[in-house]
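Here are some notes for a reader opening this structure for the first time.

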Amino acid sequence: MTRRSESIGRGKAPSGCSVAPLRPWGRAVCRWLALLLVLCLDPPGASALDRLFRTYDERDGLSVSETSVLAQDSRGFIWIGTVGGLFRFDGTEIRSWAPRHLRHVVRRLCPGPEGALLVASKAEPLWLLRGERVDPVLGPDGAPLLAWTDVTYAADGSLWVLASDSLLVLGPDGHWRGWPTEALGVGAATRLFGSTGNGVLVGGSALLSRFDPEDGAEAVLPCGDVVATAEDAGGGIVALTRDGEVWRSVRDEAHRIYCGQGRGADLVVRGETVWALIGGEFVRIDSTGARLQIAPSPALDLGRALLVDREGSLWVAGFRGVTCLPEPETVARTSPDGLPAPPHAHHLFRTPSSIWVVTWFGTREICFGEIESVRDRGGHSGRVRADRFGHLWAADLDRGFIRYDGEVARRFPHDGVHGIYGSSPRNDGTLWLASDDGVFVTQRDDAPPRHCDAPPPDDWDHGWENSWIGAILEDSNGRLWFSCDEAVYECHADSFAAGLPVGWRRTPIPRSGIGSELLEVAPGTIWLATTEAGLFRLGQNAASPLSENDDLESLRIYGMVEARSGGIWLLGAGSILRVLPTPEGAEAYQILERLTGWQGLPTQQASDLHEDADGQLWLATLAGLVQIPAAARTQPLLPPPVELVDLRVDGEHRAPDTLLHLPWKRNRLELQFAALTFRDRGRLRYQARLNSQAPWQDSDGPTFRFVDLAPGRYEISVRATLDGDSWGEARSPLAFQVAHPWWTNPWIIALATAAAAALLYAAHRLRVAMLLRLERQRIRIAMDLHDEVGSGLGSIGILAGLISDPRVGEEQRRDLGSRIAGTAGDLGSALGEIVRTLRTSHESALTFATRLAATARRIVPEGRLRLAIGRSLPDRSIAPEVQRQLRLVTLEALHNALRHSGAEQIELGFDLQGAMWRLWVEDNGTGVPSQDGTKDDRGRSTSGGHGLGNIRERCRQIGAEAVWSHPASGGTRLEVRFRTERSPHIIMRGRSRGISKMISR
């Protein structure tokens, strides 16, 4: 943050010679005589006046304090050219600009259109600045311009360059044109100056002329070696020459209005006043030609360049930095001007020809006229007030009262009176005077003020002689009010003045300090100002604080004064306001005017004020007697423009015009805006919003920091105000985009949707497959029950019927019962096999082989079965489905061997050979026809049955291989080979194929 050194700069007495403006000769001689009399009687510095100024130097970021030139661009930035480069000031920060390109003495700064700035430095090409871009100006030959003498911009935005022998202009169309310098008619051309009219002003060794490409050259002023020009409010041209002469051209008439001593440096026009830097002088020349030397002084540096910014502040580029005078027309009279030292003024009184200033160390009367003088009026304390008869009343410390009748002073001694602390006019023209010794009333004749010795209030434990009376007031109803000891007392005024007993009405106001002023703001409505609690409205036996007390900078109010311009002046610490009481009981007020540094006020404190009929203000302050001209009060408080001055993303600087696309989640954005106002930044208030549809929100300042912004588009706008009512138009907002997470991209969403759909479809297919599997399992179980149990039960039924036949013998009955028992056992075994196929747990190969052998023993008659099962089968498990299919294949092979081949011997084997499991059934029968399982042209098996085809299908479902062969000894051998580690995959594949077949069916 830029440090601002605020001080009061002191000027010096006028010196040097001047040429008076065009007036009658006799009047000019009188003015010369008066000036000589002042110089003889008043030594230099006696008529000096202080001004508020702020200094910016190395402590504020200006690394090179010797400055050379100043400019303000069209956006509002202040540019400072130094002997070591260029700096930009935004009101908060002074920043070095383009240090790689601009390292030497900056000679010229020319603001161009749309915020452009042309910079001309010693021994460097011309540079054009647009934002953060720095580009060289290319001449007609396409190379950077180096041989330049002076440069400027014209009103139409064209760029003019003065070279050694030619004048070049680059038009808005981008084309160069040129003229020889002889065509300018100014002698040796040395300078170019911008103008609000057509063309430019050209200064030469002989005169100053205006050059227009269409009309040619036209003489403006008959003076050579012009170093600075300016246009006044009337359209005239004011020029400063190298020799220190100031010339003015008005309606084709030229006048020399001042002749300084020394080399002319720069000149500006502010309103109707000319400010010039000449040699060691800083001179102010008003519209009448009167001048006042402002510098040199110990506080205000000698200047090299001047600038009047858009707010009317005056800037001086000097050897020790840059000085800003917010309102140079506002002045303060202090000790060098005749006030006591220190000049802490607390009261004043204005007469038609003078002003009385009461300080803590004495009273002075400043008399105005052709020659300003100061009179010592003694050690008055408190107020100086006038009665209706023209008498001025004051009080001396411990000496009593003094009455001034013109130049005659009459004393009225009274022990115990130190000062007049309050006064109020009576209906008869006399005054109430409040003191530290009670209440007094002035007299019409030459009698001293009369002490009012009516009985004091009943609650007092002391008399009038020990009573410090602060504010006092007689209202329009004839009631007398005064403050004492954190309370306000009220009684009948005439009765109290006559010394009669009165009925006191007391209104306590605890912790309010001293009542400094009482004022009737409306008939019957009384306000009280206090030194500790702000403002109160007095009612019936009660005092209510005003609602605006919370908005005051301090609750210490020194006084209230009726304003000629309407309303009431409130004078306090930190707040000097002109307010208008609201009509609703006058318990609040509306602020009409606020005095601050904007009006050049050197301190935010005043204890007394007087407003002249023309609007000029006089204030008694701790900085002395401050005089604020009426024009300083009417300076408009235009809302300042707001510019983005710094943009950082994750700590890295970016150009403010960069289009931002920030990543999601991990992002950090820092924005710094600047309100381009320099006169009184204490008035600034900010508002911000995040998009164009959102309402404006009050902001603590123009700096914003964001971390991990949510995805979306943002448009940050900031605006500012100086008065709280008029807000600036929002410039184009800073728009930036925070990316959404990668998974929210459209193609990611589409892909995820497709994947989810695929998963849902797969889940649906899996569900359908499971349902089909369950259905197939039910069908298989039903078929197995039908085939196994149904046929067995049918056989049992038939056999049971035979047993019950009486014709069957006993031997046959026993044989039939044995067959029924065997069939029932077979049914139990079949049911057990069906149940085992429903289990999900795996069994070992040995367990499976053992159960398979037991099944074969029940089927094959005793003596005809030979088992070849390995005794040391590995401890490996076989899936239930594989076991079931292998069992069915074995049963099919055993039935074929018993029913069709007529085999006498059957061998059942099961072992592990390498990585392959083997299961075989070998018989010595006649074999099975068409063992290859071929089919005819209609798809029917040529074997005459489905047994061989079923065996192949069951082996295929578990990924096994069925091989038929004929041993050398005769018969048939069926060998099934499979791998248990592949069985789950194979089973699933078999199931899938089965499912496909069932779906297709």
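1. The structure holds 45 salt bridges, and the model they come from is a predicted one. Side chains of opposite charge can pair when their charged atoms come close. The next points go through some of these pairs.

2. R75 and E643 form a salt bridge, with 2.9 Å between the closest N and O atoms. This pair links distant parts of the chain, as the partners are 568 residues apart. R75 belongs to the loop between β3 (67-72) and β4 (78-82), while E643 is in strand β58 (residues 642-649). Are the two partners buried or partly exposed? R75 has a relative accessible area of 23%, so R75 is partly exposed. E643 counts as buried because its relative accessibility is 9%, and the cut-off for buried is under 20%.

3. A salt bridge also joins E329 to R284, where the closest N and O atoms are 2.9 Å apart. Here the pair links parts of the chain 45 residues apart: E329 sits in the loop between β29 (321-325) and β30 (331-333), and R284 in strand β25 (residues 281-285). Both E329 and R284 are buried.

4. E907 and R866 meet through their side chains in a salt bridge, at 1.6 Å from N to O. With a relative accessibility of 11%, E907 counts as buried. R866, in turn, is partly exposed, at a relative accessible area of 46%.

5. Some salt bridges share partners. In this way D911, R918, E922, R973, E975 and R977 are joined into one network.

6. Next, a sheet. Four strands make up an open sheet in the order β47-β48-β49-β50, and the pairing is antiparallel. β47 (515-522) and β50 (543-545) each have a single partner strand, so they stand at the edges and one side of each has no neighbour in the sheet. On average, neighbouring strands of this sheet are turned by 30 degrees against each other, direction ignored.

7. Within that sheet, strand β49 (residues 535-538) pairs with β50 over 3 bridges, in the antiparallel sense. Which residue of β50 is the bridge partner of F536? The partner is P545.

8. Aromatic rings come next. The count of aromatic pairs is 30. One of them is W315 with F678, an edge-to-face pair with 5.6 Å from centre to centre and 85 degrees between the planes. W315 lies in strand β28 (residues 314-318) and F678 in the loop between β61 (668-675) and β62 (685-689), so this pair ties together parts 363 residues apart in sequence. W315 and F678 are both buried.

9. F482 and W504 also form an edge-to-face pair, at 5.7 Å centre to centre and with 80 degrees between the planes. Since F482 lies in strand β44 (residues 479-483) and W504 in the loop between α2 (493-497) and β46 (505-508), the pair ties together parts 22 residues apart in sequence. Both F482 and W504 are buried.

10. Finally, charges over rings. R88 lies over the face of F77, 3.9 Å from the ring centre. R679 has its charged end over the ring of W598, at 5.0 Å from the centre.

Key
Residues numbered from 1 in each chain as written. Predicted model: local features only at pLDDT ≥ 70, side-chain atom pairs only at ≥ 80, totals over all residues. Heavy atoms only, no water. Salt bridge = Lys/Arg side-chain N within 4 Å of Asp/Glu carboxyl O. Helix = DSSP H or I, 4+ residues; strand = E, 2+ residues; numbered from the N terminus. Buried < 20%, exposed > 50% of the residue type's maximum accessible area, 1.4 Å probe, protein only. Pairing = 2+ DSSP bridges. Axes fitted to C-alpha atoms, helices over the stretch in contact; angles between N-to-C directions. Phe/Tyr/Trp six-rings, centres within 6.5 Å; stacked < 30°, edge-to-face > 60°. Lys NZ or Arg CZ within 6 Å of the ring centre and 35° of its normal.
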